[in-house]
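Please examine the sequence and the model displayed below.

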Amino acid sequence: MCYFRGTNYKILPDIIQLLPDNIANQIAAGEVIQRPASAVKELLENAVDAGADEIKLIVNDAGKALVQVIDNGKGMSETDARMAFERHATSKIRNIDDLFHIKTMGFRGEALASIAAVAQVELKTKRAEDETGVYIEIENSMVKLQEPVAATTGSSIAMKNLFFNVPARRNFLKSNAAELRHIVDEFTRVAMAFPEIFFSLSSNGQEVFHLEKGTLKQRIVQILGNSYNAKLVSVQEHTDYLNIFGFVGKPETAKKTRGDQYFFVNNRFIKSAYLNHAVMNAFDEMIAKDSFPMYALFIDLNPAHLDINVHPTKQEIKFDDEKIVYAFVQSAVKHALAQFSITPTLDFELDASIQQLEAVSKPLTEERRSSTASSSLYQTFSQKNQAHFIEHKSELKHWKEMYEPLNAGQPQTPDLKPQTTIHEQRTGSGQPDHDAGLMQVHNAYIVVQNDQGYLLIHQQNAHERILYERFLYAIEGKAIATQQSLFPVTIELATADAVLLNELIADLQLLGYQLEPFGNNTFVIQGTPADTVQGNEKVAIEKMLEQYKHFSNDIKFSKREKIIRSLALQQAIKAGTSLTQKEMHALTEELFACKIPNSTPNGKPTYMTFRKDELDKMFGR
Ligand SMILES: Nc1ncnc2c1ncn2[C@@H]1O[C@H](COP(=O)(O)OP(=O)(O)OP(=O)(O)O)[C@@H](O)[C@H]1O
Ligand SMILES: [Mg+2]
């Protein structure tokens, strides 16, 4: 670089410097410690890892002033107590392979270093074999005081005045009520996973939770309340590949809010929309579509099948074969609900066929892995989305049953033709209406009625699903037709957006956009996908970019997935748009030709069913 500066280069100083440790730690802490509740999670997990069977959590001022965890675990030696606050200092793994055999909650050696970087910390700890314990005070990653102390075996770690040295972050904390709710969430997740450990939580001197040791069922009732007593159905399936155990709430306990839902994989709480979908599918038809069943499900499997190191807070994990896990969860829950005669009409095909998989019925050897992988059943599971597909078939059949009687004596419903699009239909002439059962309400919903009840389809959500699957199909190799724009449109973008659009251009072309760079951050749009309304190409691209950026922090989506999701969201026909009979018909047909017709890509329902017999019952008939 200096080369360009001619004779001046000698006097320009170098400008890159290493950050001091405490600043580097503060920056890194941002990943791990975002709010008091993050510290609660880390400290509780450390106490669990230390083998404690009594863990007390004390918070003041919703954790902003104090988060303290007292445990009766194995404690630390004087040297370890100092080491514990160093970054990457851990007793839990030695090499990267250990990550795939892990039995502990912690493994990064980052939590205490992060906490010490952004708060004042007091540690008191003693091992059983030591006479005296050690007391350490740390602030800004620096030890302020260390001295021997009389103590019982175990550790007490107090984190005071979180973000005292990073005021900007302190200002980002929410109200005490909101922060306390996060704390209770984290506390609950750890306490739920370890019913054999006593836990308590005190807030501003008042004991909020006092959870005696007990069974999982007792712990669930202690935490979620007595209303679940006698309303829990046990889920239990053991196979060589994985075990699932836990409880689901009976359908009548389903709530309108998604609160009481817990997945644990090897005792670690995880968030998984995918597995949640499996449970929801198992409950299908038993609960209203807008309600959420309670579940606390524990999946145990060989850590070799997992990657837990994909997210800084470890709440997202990767299974090496998530479709199999999906199918297991779904069938285990179905099985449990059926055993308790909550529904007599479930089919067990899925369950029986899973049991026959060699990977499940016998210990896994390399040889077996390859023979399993070539079996046709395994292949149906492992093809993209096929686990859903099994469920979907029966749903489609069900829908057809509801729908077809409607047309009896009238022209047959045309074959499902995914390529017939709503917008094509829009431009068609107003043909006479022979789908008398279709009605639009509030310009937002389509009612599909027949003798047995009706379906209520949310037109925007439904179209989002349809577009998503169509784009997915297109991007996997079958390009979508383009409609030429009458007048090419130019679009000029800010530099960052232009760079982004350049990156996406090849995929957008597969999706039917005729789009070329034109220099100086300008692009020309010559054509758009066949199924889009013309005339707003420019806005459509801008909005797609906006939406894409919105997804850009989401590490679980690939670039293509983000494009497809952005386009589907952006182009879906909006609520408030009046539809003709033909359009409604096309939309309904296409929705049920989808692989997963019942929700949008991000899980919003696309339709709900209302059965006439249930309606009658509600009216006392
Ligand atoms: N309550 C405790 N009792 C005994 N030892 C502890 C306790 N808390 C922490 N330690 C020790 O301090 C080390 C560092 O803890 P820290 O939480 O920073 O890292 P980790 O638990 O190993 O990994 P992670 O960053 O993933 O939580 C631990 O590996 C453990 O040896
Ligand atoms: Mg830890």
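This is a predicted model: local features need pLDDT of at least 70, side-chain atom pairs count only at pLDDT 80 or more; totals for chains, interfaces and linings use all residues.

Residues are numbered from 1 along each chain as its sequence is written, chains are lettered from A and ligands numbered from 1 in the order in which they are written, and side-chain values use heavy atoms, with hydrogens and water left out.

The protein contains 21 helices and 22 strands; helices (H or I, at least four residues) and strands (E, at least two) are DSSP runs, numbered from the N terminus. Of its 621 residues, 49% are buried, where buried means under 20% relative accessible area (1.4 Å probe, protein chains only). The protein exposes about 30700 Å², of which carbon and sulfur atoms supply 52%; accessible areas come from the Shrake-Rupley method with a 1.4 Å probe. Among contacts (heavy atoms within 4.5 Å) between residues at least 6 apart in sequence, 69% join residues at least 24 apart.

Two strands pair if DSSP finds at least two bridges between them. Strand S1 (residues 54–60) runs parallel to S7 and is joined to it by 6 bridges, with Ile55 opposite Phe199. Strand S8 (residues 206–211) pairs with S7 in the antiparallel sense over 5 bridges, and Ser202 stands opposite Glu207 of S8. S7 and S8 form a hairpin with 2 residues between them, and Asn204 in the turn has a positive phi of about 45°.

Which residues come nearest to ligand 1? Of the 20 residues around ligand 1 (a heavy atom within 4 Å), these are Thr90, Ser91, Lys92, Glu110 and Lys314. By class, the shell has 7 nonpolar, 7 polar and 6 charged residues. A polar side-chain atom of Asp71 lies 2.9 Å from a nitrogen atom of ligand 1, and one of Thr90 lies 2.6 Å from an oxygen atom of the ligand. At Ala111, a backbone N or O atom is 3.0 Å from an oxygen atom of ligand 1. Taken alone, ligand 1 exposes 580 Å², and the protein buries 94% of that. Helix H2 (36–49) and helix H4 (111–118) are the elements that give two or more residues to the shell.

Conventions: A polar contact is a pair of N or O atoms within 3.5 Å; within protein, one must be able to donate a hydrogen and the other to accept it, and residues adjacent in sequence count only if both atoms are side-chain atoms. Ala, Val, Leu, Ile, Met, Phe, Trp, Tyr, Cys and Pro count as nonpolar, Asp, Glu, Lys and Arg as charged, and the others, Gly among them, as polar. Buried means under 20% relative accessible area, exposed over 50%, partly exposed in between (1.4 Å probe, protein chains only).
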